[in-house]
Amino acid sequence: MERLFEKALWNSRFVVLVAVIASLITALAMFYMATVDVYYLLSHLGEYMSPDLIGDARKDFRAETVAHVVEVIDGYLLATVLFIFSLGLYELFISKIEEAEESENSKVLAIHSLDDLKARLGRVVLMILIVNFFEHAISMDFHGPLDLLALAGGIGLIALALYFSHADDH
């Protein structure tokens, strides 16, 4: 009875395949969406050369384009988080991926422990937050020195977060 229970318990780890497949499909969907955004971004880029676009209109178009580029980066980073999560769950609960072990890029995608997975995901999530901060900073209206001080403080906190996230690398 104990042996059957332990076998069933051990095989219950395959329920993680649902999360692996769902994360992988969602990652592919995010890659697709970000790529479509890039296509439309590039298709509208020709409008920047228009002689009718002058003064504030050109400045607004440029700011809008930079904001779209940041959104694309954000989409790709989110897709990367989901992809790493999918691979990490598979390696931790199902089986080692032999292709990843033999690959030259195995250090990037090989997950050996739950702490490995958390560290990799944490760094990518931090990058997403930095990109979001950048996106808001671009569109921010500065009405006084306090606004500039708040922006500088945010940049300082980002630098500190990056320092602490890479502190164990040294």
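**Figure 1. Packing of helices α2 and α3 in the predicted model.** In this predicted model, helix α2 (residues 16–44) and helix α3 (residues 56–94) have axes that come within 8 Å and cross at roughly 160°. Because angles over 145 degrees count as roughly antiparallel, this value makes α2 roughly antiparallel to α3. The crossing in which α2 passes α3 is left-handed. The residues that form the contact of α2 with α3 comprise 24 nonpolar, nine polar and one charged.

**Figure 2. Packing of helices α6 and α7.** Helix α6 (residues 114–138) packs against helix α7 (residues 145–165) at an angle of about 165°, and their axes lie 11 Å apart. The angle makes α6 roughly antiparallel to α7. As α6 passes α7, the crossing is left-handed.

**Figure 3. Residues at the contact of α6 with α7.** On the α6 side, the contact is formed by R123, L126, M127, I130, F133 and A137. Their counterparts in α7 are L151, G154, I155, I158, A161, L162 and S165. By class, the residues of this contact divide into 10 nonpolar, two polar and one charged.

Figure 4. Residue L117 is found in helix α6. Its relative accessible area is 4%, and because buried means under 20% relative accessible area, L117 is classed as buried. Apart from its neighbours within four places in sequence, L117 is in contact with I84, F85, G88, L89, L92 and I111.

**Figure 5. The protein as the setting for the close-up views.** The secondary structure of the protein comprises seven helices and zero strands, and from the N terminus on the elements run α-α-α-α-α-α-α. The radius of gyration is 22 Å, well over the 15 Å that the globule rule gives for 170 residues, so the protein is more spread out than a compact globule. Taken along the principal axes, the box filled by the C-alpha atoms is roughly 80 × 35 × 30 Å. Of the 170 residues in the protein, 25% are buried. Among contacts with a separation of 6 or more, 66% are accounted for by residues 24 or more positions apart.

How values were computed. Residues are numbered from 1 along each chain as its sequence is written. This is a predicted model: local features need pLDDT of at least 70, side-chain atom pairs count only at pLDDT 80 or more; totals for chains, interfaces and linings use all residues. Side-chain values use heavy atoms; hydrogens and water are left out. Axes are lines fitted to C-alpha atoms, for helices over the stretch in contact, and angles run from 0 to 180 degrees between N-to-C directions. Helices (H or I, at least four residues) and strands (E, at least two) are DSSP runs, numbered from the N terminus. Angles under 35 degrees count as roughly parallel, over 145 as roughly antiparallel, 65 to 115 as roughly perpendicular and the rest as oblique. A crossing is left-handed if the near helix is turned anticlockwise from the far one by less than a right angle, and right-handed if clockwise. Contact means heavy atoms within 4.5 Å. Ala, Val, Leu, Ile, Met, Phe, Trp, Tyr, Cys and Pro count as nonpolar, Asp, Glu, Lys and Arg as charged, and the others, Gly among them, as polar. The radius of gyration is taken over C-alpha atoms; the globule rule is 2.2 Å times the number of residues to the power 0.38. Buried means under 20% relative accessible area, exposed over 50%, partly exposed in between (1.4 Å probe, protein chains only).
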